[in-house]
Every structure is written in structure tokens, then in C-alpha cells.
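My entries follow in the order I looked things up.

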Amino acid sequence: MSSLGPKQRVFAGLAEIAQALGHAHRLELLEHLGQGERSVEELATRTGLTVANTSRHLQLLRRAALVEGRREGKSVFYRLSGEDAVIALLNALSRVGERNSAEIARVMATYFRARDELEPVSRIELLDRLRAGTATVLDVRPEDEFQQGAWCVLSFEAVAALRQRGYRARRLQDGFPEWKVSGLPIGPATP
């Protein structure tokens, strides 16, 4: 019986992480957790899964050290483990998927890009405009997502509606998780 060398052990560990990412429901759960800590029940409601199925997916993600949980009474709450790295991993996976999958590229083009004719604003450009007083941020997330710091697709609809009314609106290029892990300010503006 041969033992694995260091390189093979690293590859085996990476394969375990890749396997944990290998299900659409687990990727969706990671996206929700990128917006903030949530209970198993809340995640089940958001994803349309049963609590038992959601719990099982979360256990697989925890085994791969992508999430960590804490118990509060009878509830279990999960959050990303190493938030910066997991969000970067999901972003890299999205970029590879868009580049290598015609179906993903088609959905991105027809759903997201078609709704945003103008170039989205980057984090740096938005910060510069806010500091200069030439921009106003309008947060269109539902209240529960705002409390969790969520990114949502409502930004596309909001930009379209504002443009129809004559406003020069742009959406933030990244989502809230990327804003947060960049260490940028979070919370209401102070006058």
C-alpha cells in the first residue's frame, strides 16, 4: 500500500473542495451566505429546498471548510469561512463558467447585460464620485437583504426604471459581498 505524497495530498484536498462546489444548490447557498450569516431555515426558504436537504448541503460545505456554523438555541446559523477567499473563488468560478460555457454566456448576455446598456460603475469610480458629491447611491434591495448586506438582481430593474424616467442611472459592477470584503464603508451615509 502506497501513501500519498505531499503534492497528492494537496490535490486530494482541493478535489474535496471542488466536489463540495459541484452542485447548483450548494453554489446558491454560498451566494446567499456571501451576503451574510443566515439560519438553515432561512436558507431553505430562500432556495426552495427542504430544511433537511439544505442542512445536508451545508454539512458538505462545512466538511470542505467553505462554511462554518454556530448553534443558537435550536437554530443553526451558517456563514462563509474565510469570506474573502470564498467570494473570490465563486467569482473566479463565474468567470471560468462564462468563458467556457456557451449556456452560461448566453444567460449572462440575455439576462444581465441586455438589461444594462451602459457600463456599470466600478467600486473605485463610485467612491470617487461619492467623495466628490457627484453621485447618489440608491439601495434597491428588499429590507431583509439590506439587513444582511445582500446583492440582488433588482439593481438591473431599478436602473431600467430610472432610465425610463430620464435619470442617468448606473448599477454597481460588483455585488455587496465584493464591496464588503474590499473593506469599503458599509452603512447609511452621514451628512
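Where does A65 lie? I found A65 in the loop between helix 4 and strand 2 (67-72). Helices (H or I, at least four residues) and strands (E, at least two) are DSSP runs, numbered from the N terminus.

**Ground rules.** This is a predicted model, in which local features need pLDDT of at least 70 and side-chain atom pairs count only at pLDDT 80 or more, while totals for chains, interfaces and linings use all residues. Residues are numbered from 1 along each chain as its sequence is written, and side-chain values use heavy atoms, with hydrogens and water left out.

**Confidence.** I checked pLDDT, the predictor's confidence in each residue, from 0 to 100. The chain averages 84, and 85% of the residues score at least 70. Helix 4 (residues 51-63) has the highest confidence in the chain, at a mean of 97. Helix 8 (residues 143-148) has the lowest, at 63.

**Fold.** I listed 10 helices and 3 strands in the chain. From the N terminus on, the elements run α-α-β-α-α-β-β-α-α-α-α-α-α. I looked up contacts next (heavy atoms within 4.5 Å). Among contacts with a separation of 6 or more, 57% come from residues 24 or more positions apart.

**Burial and surface.** Buried means under 20% relative accessible area, exposed over 50%, partly exposed in between (1.4 Å probe, protein chains only). Of the 191 residues, 29% count as buried. Accessible areas come from the Shrake-Rupley method with a 1.4 Å probe; for residues, only the protein chains shown count as cover. The chain's accessible surface comes to about 12,200 Å², and 56% of that belongs to carbon and sulfur atoms.

**Back to A65.** Its phi is near 60°, a positive value in a residue other than glycine. Most residues other than glycine have a negative phi. A65 counts as partly exposed because its relative accessibility is 49%.

**Cores.** A nonpolar core is a set of buried Ala, Val, Leu, Ile, Met, Phe, Trp, Tyr and Cys residues joined through side-chain atoms within 4.5 Å. Which residues touch the most other members of the largest core? They are L30, L58, L61 and L66, in a core of 18 residues. Helix 1 (6-21), helix 2 (24-33), helix 3 (40-47), helix 4, strand 3 and helix 5 (83-100) each give two or more residues to this core. A second, separate core has 5 residues, including V121, L127, W179 and L184.

I then followed L30. Leaving aside neighbours within four places in sequence, L30 is in contact with L21, L61, L66, V67, L80, V86 and L90.

**H57.** This histidine is in helix 4. Is H57 buried or exposed? H57 is buried, because its relative accessible area is 6%. Not counting residues up to four places away in sequence, H57 touches H23, H25, R26, L29 and L49.

**V76.** I found V76 in strand 3 (residues 75-80). V76 counts as buried because its relative accessibility is 17%. Beyond four places in sequence, V76 is in contact with R38, S39, V40, R70 and R71. V76 and S39 are 37 residues apart in sequence, yet 5.6 Å apart in space, C-alpha to C-alpha.

**Surface patch.** V10, F11 and L14 make a nonpolar surface patch of about 300 Å². Patches are made of residues with over 30% relative accessible area and no salt bridge: like charges are joined within 9 Å, nonpolar side chains (Val, Leu, Ile, Met, Phe, Trp, Tyr) within 5 Å. A salt bridge is a side-chain nitrogen of Lys or Arg within 4 Å of a carboxyl oxygen of Asp or Glu. V10 is in helix 1. V10 is partly exposed, with a relative accessible area of 49%.
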